[in-house]
Amino acid sequence: MVKQSSAYIDKDQILHDMISSNRWGTYFGVSQKVLDQVWDSLTAPEGNSVTYISMEIAADRDAFHPIKSRLLDLDISGSTNPLIDQFVKDFLHGLEKIPNYGGGLGVLAGDTLKSFADCRIPVVAVSLLYRHGYFSQMVDSRIGQISWSSEWEPEKTPSIYALHQADDPQSELRIEVPFYDEHDRATSACARLWMKMEVNNQLNYFVPHILLDFHTEESPQWIRDAAKNLYDSSSEKTKIIQRRMLGAGVIPAMKALGITSRTIHLNEQHGVAVILDQILDRLQQKYGEDYTQRATDQDIFAAAEEVAQNIVFTIHTPVKAGHDRFDKNLYRKFIHSFYHRILDLLAEDRDNHNNFNFTSLAMRINRTTNAVSRLHKEVTKKQFPEFAEKISAITNGVHHLTWISDAKAELFDSCSEFENWRQDPSVFKHGASLLDNKRFRAFLESAWKKDNFKLITYVNEMLATHRTMMQETWIDPPNYLSNLDIRDARLQPDTLTIGFARRFSTYKRADLIFEDIEELLKLVIANNWPVNFIFAGKAHPADEPGKALIKMVIDVQEELYRKSNGLAKLVFIPGYDMAIAKMMVAGVHCWLNSPKRPLEASGTSGMKSALNGVPNVSIMDGWWGEGYHEGATGWKFGYEDPVNLDTLSENRAELLYAEDSASFYGIFAEIIDNFYNPEKFCTFIDKAIMNIALNSPRFNTHRMAAEYLSRYNLDLAGPLANKMAKLKDNYDSDHK
Ligand SMILES: *Cc1c(COP(=O)(O)O)cnc(C)c1O
């Protein structure tokens, strides 16, 4: 990324400065000084740091890989020092996909950590390591989605380190996490600790991400089974165990590494069990070992009150399935009776007294709660009126260095207006001054063409591969085009291309625009205007309605193609991941989002397209309520009235298919006309530039990190505090 002329560089010295070690391991990417600095800040007695807890954290290296980029830039392929040589080869050729995430929540968490690292904020993250990750997706045109376990080896993934015991490289660093049965008999679950380093672009800071790996010989089989797959929902029992492994693992992991963070950030409620340990700690301090006998309900409330002072909670969804509720009797089989007593006091479920409600628990035990967009804040306040006072909004962002395509990065590098954009995405606000700059407009159009060509080429190669596969295996490829003569079956570049990719879930209504195919195709047929629709996304393997949506999208391909005489081509890319997302958001001409308002709390893929200058066409839900500027950045369609608890229904009959699709067809006519009408095409370039000018400075994780900082109460050095205050000035998510 940082281009330097290799003639003046001492490569051995550079590599030497990329090695560091401490009591738990030896690492590659940052210098000893940086490692020591980060570690000192995380272990200092004042606790002036944050522990960030998330069920999933995504950071695939094929989307962002600063260490590999540095090696490639310097043209380094090895070293005479055997240890360094091994690291270099691993980083150049090792695994890059880390299938430890399900979707938006994980990608957001990863992007957040990357921005903390860029901004040099002392944060450590904790999540679980899933030996089989999230499932892998294959799609067959007759069956729809086929899911199977991902195979993944952390041992072969560069920048993930198995930590060893302090000063003893021969033995792995482990923690024990107690589980209990209904007679309070303890069983120990044992986890190995891994560390993944989120190293920043300049390789001068990092955020350690600690992964708890319960798949150990010492753990009982039922623990090991539950540690295999992210969001294994095969039983309520497995869900309970997974949540507990995370929440109850945090404090032991922090203790094992000497981490002292005072502030704990819960990214969703999954890890909320961490507060139970903190409450126990306080009661134990007060009463000693027989605290279970002596603590009164008042003591428990008081301890909870104290613990809450250090907790920051982010809630991510108004959708019921996203809130954890567990049957009390079942939960009791895994926890001590005293935990049960605490939960009885703090985790009440209003709707069903036989349940514990962990979203309510997380809502109650924190200093501040934030929703992930302005609209989501309103909805959350209505869902939890008793906590309305402390609910604010911090609108999500995306990590701009991860999501801006190479072609767009080159474009931004060529503009003095955007100087220093890698360090400071606020500079994109100068974009508006480029609206009339002919050179910039031409360069932008050509960057867009490059990104579109890359995506279309990828799709055409995929279709060809599927065609071969069809001849050689029992798999029926997902795309109707694979069945056609190869000349007809290719997508053409520079054809209006609409992209849609996200988790398949009923409220996201992936099939909305295909509600009335004749309406959709009116202008396509009348004007002979071709159009490509490129779709991708996974449905959770247990989500039957979500999987049915994928099948519906596959099934509509032939009808679209035939009714438009081959002008409308709909392609589904299986195996959606960060690399595919990155290619899609930059390579399409419009990014579509069609959820039922207000169920999409934020949505982030549209921000990725905005950073690349690609306009969104979206329901006024989530972030788009803030990113839409009277048509300057894209299009809106569909239901827009005020939201209330009744509008949260996910019943098919109440998903407003007829109304919202009709609204889309009107907008689509305008989009396709603007794209193909030579006099009007300039409006596309206007929208591209205004996305960069209005949305890029705001919807990035640097600004978001700056807003989170204002909730953390960290004590930062003057210059850093100033820099973060400036980033925060770009936006006030919570404006009244
Ligand atoms: C960005 C991203 C998401 C989240 O997209 P939404 O628009 O928030 O649904 C999910 N999966 C992947 C792989 C992503 O890159």
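Q: Buried means under 20% relative accessible area. By that cut-off, what share of the 736 residues of the protein counts as buried?
A: This is a predicted model, and 62% of its 736 residues fall into the buried class. The accessible surface of the protein comes to about 27,600 Å², with 49% of that area belonging to carbon and sulfur atoms.

Q: How do you know whether the radius of gyration agrees with a compact globule?
A: Set the two values side by side: for 736 residues, a compact globule would have a radius of gyration near 27 Å, and the protein has 26 Å, so the two agree. The C-alpha atoms fill a box of roughly 80 × 65 × 55 Å along the principal axes. As for what's inside, there are 27 helices and 24 strands. Take the contacts between residues at least 6 apart in sequence: 75% of them join residues at least 24 apart.

Q: Why are α17 and α25 called roughly perpendicular to each other?
A: Their axes cross at roughly 90 degrees and come within 11 Å. The perpendicular class runs from 65 to 115 degrees, and α17 and α25 are therefore roughly perpendicular. On the α17 side, the residues that meet α25 are Phe 440, Arg 441, Leu 444, Glu 445 and Trp 448. Their counterparts in α25 include Phe 684, Ile 685 and Ile 689.

Q: What makes β12 a mostly covered strand?
A: 8 of its 8 residues are buried, and that takes in both faces. Phe 206, Pro 208, Ile 210 and Leu 212 sit on one side, with Val 207, His 209, Leu 211 and Asp 213 on the other.

Q: Which strands pair with β12, and in what sense?
A: β4 (residues 123-128) runs parallel to β12 and is joined to it by 4 bridges; Leu 128 has Leu 212 as its bridge partner there. β11 (residues 186-199) pairs with β12 in the antiparallel sense over 8 bridges, with Arg 192 partnered by Asp 213. β11 and β12 form a hairpin with 6 residues between them, and Leu 203 in the turn has a positive phi of about 55 degrees.

Q: How do you know whether β14 has one buried face or two?
A: Check both directions: Ile 311 and Phe 313 point one way, Val 312 and Thr 314 the other, and all are buried. β14 also pairs in the parallel sense with β13 over 4 bridges and with β17 over 3 bridges. Asn 267 stands opposite Thr 314, and Phe 313 stands opposite Thr 369 in β17.

Q: Are Ser 159 and Glu 630 buried or exposed?
A: Ser 159 has a relative accessible area of 3%, so it counts as buried. Glu 630, at 78%, is above the 50% cut-off and therefore exposed. Ser 159 has a positive phi of about 75 degrees, and Glu 630 has one of about 50 degrees. Ser 159 lies in the loop between β6 and β7, and Glu 630 in the loop between α23 and β24. Most residues other than glycine have a negative phi.

Q: What omega goes with the cis peptide bond that joins Arg 597 and Pro 598?
A: Omega there is about 0 degrees. Pro 598 lies in the loop between β22 and α22.

Conventions:
Residues numbered from 1 in each chain as written. Predicted model: local features only at pLDDT ≥ 70, side-chain atom pairs only at ≥ 80, totals over all residues. Heavy atoms only, no water. Rg over C-alpha atoms; globule rule 2.2 N^0.38 Å. Buried < 20%, exposed > 50% of the residue type's maximum accessible area, 1.4 Å probe, protein only. Contact = heavy atoms within 4.5 Å. Areas by Shrake-Rupley, 256 points an atom, 1.4 Å probe, with all protein chains shown as cover. Axes fitted to C-alpha atoms, helices over the stretch in contact; angles between N-to-C directions. Parallel < 35°, antiparallel > 145°, perpendicular 65-115°, else oblique. Pairing = 2+ DSSP bridges.
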